[in-house]
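Biologist: Could you walk me through this one, feature by feature? I'd like the general idea each time, then the case at hand.

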Amino acid sequence: MARYALRAASLAVALGLWQLLTSLNVDLWLRFSQFPTVADVAHAFGDRLSGPDYWTDLTDSLTRILTGFLLAAVLGVATGVLVARSRLAEDVLGPLLEVVRPIPAIALVPVAILLFPSNEQGIVFITCTAAFFPVLVSTRHSVRALTPVWEEAVRTMGGGRWRVLGSVVLPGALPGIFGGLSVGIGVSWICVISAEMISGQYGVGYRTWQDYTVVNYAGVFVGMVTIGVLGWLTSTAVELLGRWLTRWLPRTSYVPGGRVPRAAAVTGTGRRARADVPGGAGTALISKDTEAGEARDEHLV
């Protein structure tokens, strides 16, 4: 509760500082007199919520981001596994992917306009491209980092290629895959908003740019707040899904003062170590149990 209170307090302080600087029209080096106040933004937010355009823009942006991100997740994971596991795929696809990867997705807007018959499909393409490469690179590195002992154990027990893929490769690479997905969803939001500003007809980015052109700065901040909240919600959803799918992994949390992390209290042998033992006693007990657990795992393999 103390941590949540601290987070809420930091947000409240930032909003209070914003309100103070804008209401006093502070102009030192940064021109806060050009900014709307927090009250102005809140009033504009309330007006926007009562109209139908806000919800239409919200629905369009979410549809575009989810469609492009899901396509990127499937294609990125599949391509990353293929490139990491096949020398032929790495030789054929690797050079092309490495040449295209440094190109910013937003720079592909002209290509999308020329290539696709509708702006909607072009925006989804840009969103998919933005998320594809973080997922691809993270998946490729995660698969290559897997220890070969696991695959050899499955093959020794008669498992084939698909068994190795389903029992070793994908589960072992899941933490890294979701790391790439977390980065990809953030990059997708950046690019979908930019694409909507350039070639969209509806969406949060389109509405934000329209507010800027008519000098409605409060509306611009409404769009910025909406983008921030949507990005936070989608990133949190990806992170929670990743935690649920990798719930078998051991997790530790930082404990100040040099104490043993809470997650280390339950050791490999099932015995519970005391995390509050002063000095090195607790650490020694946990190290002993961890070695026993590792020896048991090696015996099972």
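Biologist: Let's start with Thr127: where is its place?

Modeller: Thr127 sits in helix α6 of this predicted model.

Biologist: Is Thr127 buried or exposed?

Modeller: The cut-off for buried is under 20% relative accessible area. Thr127 comes out at 0%, so it counts as buried.

Biologist: What is Trp189 in contact with, once neighbours within four places in sequence are left aside?

Modeller: Trp189 then has contacts with Ser61, Leu62, Ile65, Leu230, Gly231 and Thr234.

Biologist: On to charges. How many salt bridges does the structure hold?

Modeller: Ten. Take Asp211 and Arg48, whose side chains meet in a salt bridge at 3.0 Å, N to O. Asp211 is in helix α9 (residues 204–213) and Arg48 in helix α2, so to speak distant parts of the chain, 163 residues apart.

Biologist: Are Asp211 and Arg48 buried or exposed?

Modeller: Asp211 has 7% relative accessibility and therefore counts as buried. Arg48, at 18%, counts as buried too.

Biologist: Which residue does Asp57 meet in a salt bridge?

Modeller: Arg207, with 2.7 Å from N to O. Asp57 lies in helix α3 and Arg207 in helix α9, so this pair ties together parts that are 150 residues apart in sequence. Asp57 and Arg207 are both buried.

Biologist: What about the salt bridge between Arg243 and Glu239?

Modeller: There the side chains meet at 3.7 Å, N to O. Arg243 and Glu239 are separated by about one helical turn, because they are four residues apart in helix α10. Arg243 has 41% relative accessibility, so it counts as partly exposed. Glu239 is partly exposed as well, with a relative accessible area of 42%.

Biologist: Which residues are linked in a network of salt bridges?

Modeller: Arg64, Glu120 and Glu196 are linked that way.

Biologist: How do I read aromatic pairs?

Modeller: A pair of aromatic rings is described by the distance of the centres and the angle of the planes. The count here comes to eight aromatic pairs. One of them is Phe45 with Tyr54: the centres are 5.9 Å apart and the planes at 55°, so the pair is tilted. The angle cut-offs behind that label are under 30 degrees for stacked and over 60 for edge-to-face. Phe45 has 22% relative accessibility and so counts as partly exposed, whereas Tyr54 is buried, with a relative accessible area of 10%.

Biologist: What are the distance and angle for Trp209 and Tyr212?

Modeller: It's 5.3 Å centre to centre with 35° between the planes, a tilted pair. Both residues lie in helix α9, three residues apart, about one turn of the helix. Trp209 counts as partly exposed at 39% relative accessibility, and Tyr212 is partly exposed with a relative accessible area of 45%.

Biologist: Which residues form one aromatic cluster?

Modeller: Trp18, Phe32, Phe35 and Phe221.

Biologist: And what sits over the ring of Trp244?

Modeller: The charged end of Arg247, 4.5 Å from the ring centre.

Biologist: Last one: what is the mean pLDDT of the protein chain?

Modeller: The mean is 82, and 83% of the residues reach 70 or more. Over residues 260–301, though, the pLDDT is below 50. That stretch has 36 contacts in the model beyond near neighbours in sequence. Where pLDDT is low, the predicted coordinates should not be read in detail.

Notes
Residues are numbered from 1 along each chain as its sequence is written. This is a predicted model: local features need pLDDT of at least 70, side-chain atom pairs count only at pLDDT 80 or more; totals for chains, interfaces and linings use all residues. Side-chain values use heavy atoms; hydrogens and water are left out. Contact means heavy atoms within 4.5 Å. A salt bridge is a side-chain nitrogen of Lys or Arg within 4 Å of a carboxyl oxygen of Asp or Glu. Helices (H or I, at least four residues) and strands (E, at least two) are DSSP runs, numbered from the N terminus. Buried means under 20% relative accessible area, exposed over 50%, partly exposed in between (1.4 Å probe, protein chains only). Rings of Phe, Tyr and Trp (its six-membered ring) pair if their centres lie within 6.5 Å; planes under 30 degrees apart count as stacked, over 60 as edge-to-face and the rest as tilted. A charge sits over a ring if NZ of Lys or CZ of Arg is within 6 Å of the ring centre and within 35 degrees of the ring normal. pLDDT is the predictor's confidence in each residue, from 0 to 100.
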